Amino acid sequence: MSFKQILQVRLISRQCSIRQSHNYATVYESNDSKNVGKHAKVQGWVQAFRKIKDKIFLDVNDGTSSQALQVVLEKDAKPENLSYGCSVAVEGGIALAPNGRPELQAEKITVIGKLDLEGYPFLPRKQYSPDYIRQYLHFRPRTRSFASIIRLRDQASNAIRDHMRNRNFINIHTPILTSNDCEGAGEIFNVEPSSKKLMEEMKKENINDLDAAYFNTKTFLTVSGQLQLEVCARALAKVYNFSPAFRAENSKSRLHLSEFYMIETEIAFMSSLKELAAEAELLIKATTMNLLEKGAKDLQAVNAPEPTWIGKDFGYITYNEAVDILEKHSDKLNFPVKRGEVLVREHEFFLVKHYGNIPLFVAEWPKHNKPFYMKECENDSSKVKALDLLAPMVGELVGGSVREDNYDKLKSKLPENANLDWYLELRKYGNVPTAGFGMGFERYLQFVLGVPNIKDVIPFPRWPHNCCF
């Protein structure tokens, strides 16, 4: 037997011993009808509590499924402190309930942690608004709908990583701390030690700015890992990250967070916007198909809309074509479009609706509204090879571009004091054209799950005046 085979046997044996030592089944496993007639132990929380004649019926869930396991016990076997919301360990036989679903007929039940309803913000059999639930982030995962969202978020995360691996992308852990503002918009958080004494000790003679003493430069929380991905793409060809990003915007809108997650790609030897759009479309459809296949019950639990767009090609128009459409329908808009300027949210939603509520790429944007690193269009130097993907519910979902690969042009466009000599050097030694895009993960979840507020698709949202723990 080879070393690899021996290791596999030991690993399987270890896994079996862990199962035997804990000897608890998950609610997901216990709800499988093939387990009827077997003895089982489960642990979880009581989501519903009903008394009918001489029996007590509990819905117990451990978070592994949107579907709770019904537990039945005799009324005289009820332990002290058994109530809605408490945590329990239950042991008994699995049988078929009259409705044809498995149920656990309790022989032994233990209350692990009691719950006193007095002071608890969520009462049984009562519906609460997302705004109310959001006031109790530390209890929010206990609500059924948000537990489903967390499971779907996990499923989508795994689906994205699997898809990128299947497409031969290499995952890069881009830094959270950076000396650059990638977008150049100034919406950044400064980072420095809280100890002023430490900063004074580390201050060097050639550093006049105390804020720069620790790293010898001012340092920020990243707004994007794109520039670092461009470094790696010039050695590994196809790279991506799946990392937090930060924006210091004074916005409490339903589409903005101060901390969120981004999937960003960078692809070497690519100079076509349409090829880049195809890669983004493939990612979105593959991830959504995975959710439909593996997260159907949770999708149903959150009333996610049917993705009728998934079997259709995404739309693709230029910025000029988009403005033509908006000008033609100006009587239907509250904010008139101005050619050469950015599109506001109303314009984005109108365009998506105009194209049948199918996601729509808008390409070739005015240069003066876009960051320095985007490549000019060959047929119009006033435009850059950039695209935005507009989607129902969220508007802009993806932003991407072909990067400027000409050394002299890029040098002329660099922001002053940008500390990007290394970025220029990428264009000097073995350079290739690259292109990439970024997709906001929370906005993707909003779009697919039909959740109006971005704060309700992330476990611990941060927004202005709100960073409670």
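Reader: What makes the pairing of K409 and E376 a salt bridge?

Author: In this predicted model, the side chains of K409 and E376 come to 3.8 Å, N to O. A salt bridge needs a Lys or Arg side-chain nitrogen within 4 Å of an Asp or Glu carboxyl oxygen, so the pair qualifies. K409 sits in helix α11 and E376 in strand β14, so the bridge ties together parts 33 residues apart in sequence.

Reader: Thanks! Why is E376 called buried?

Author: Its relative accessibility is 17%, and buried means under 20%, so E376 counts as buried. K409, at 40%, falls between 20% and 50% and is therefore partly exposed.

Reader: And how do you know that R403 and E266 meet in a salt bridge?

Author: Their side chains are 2.9 Å apart, N to O; the cut-off is 4 Å, so this pair passes too. R403 lies in the loop between β16 and α11, while E266 belongs to strand β11, 137 residues apart.

Reader: Are those two partners buried or exposed?

Author: R403 has a relative accessible area of 4% and E266 has 0%. Both values are under 20%, so both residues are buried.

Key. Residues numbered from 1 in each chain as written. Predicted model: local features only at pLDDT ≥ 70, side-chain atom pairs only at ≥ 80, totals over all residues. Heavy atoms only, no water. Helix = DSSP H or I, 4+ residues; strand = E, 2+ residues; numbered from the N terminus. Buried < 20%, exposed > 50% of the residue type's maximum accessible area, 1.4 Å probe, protein only.
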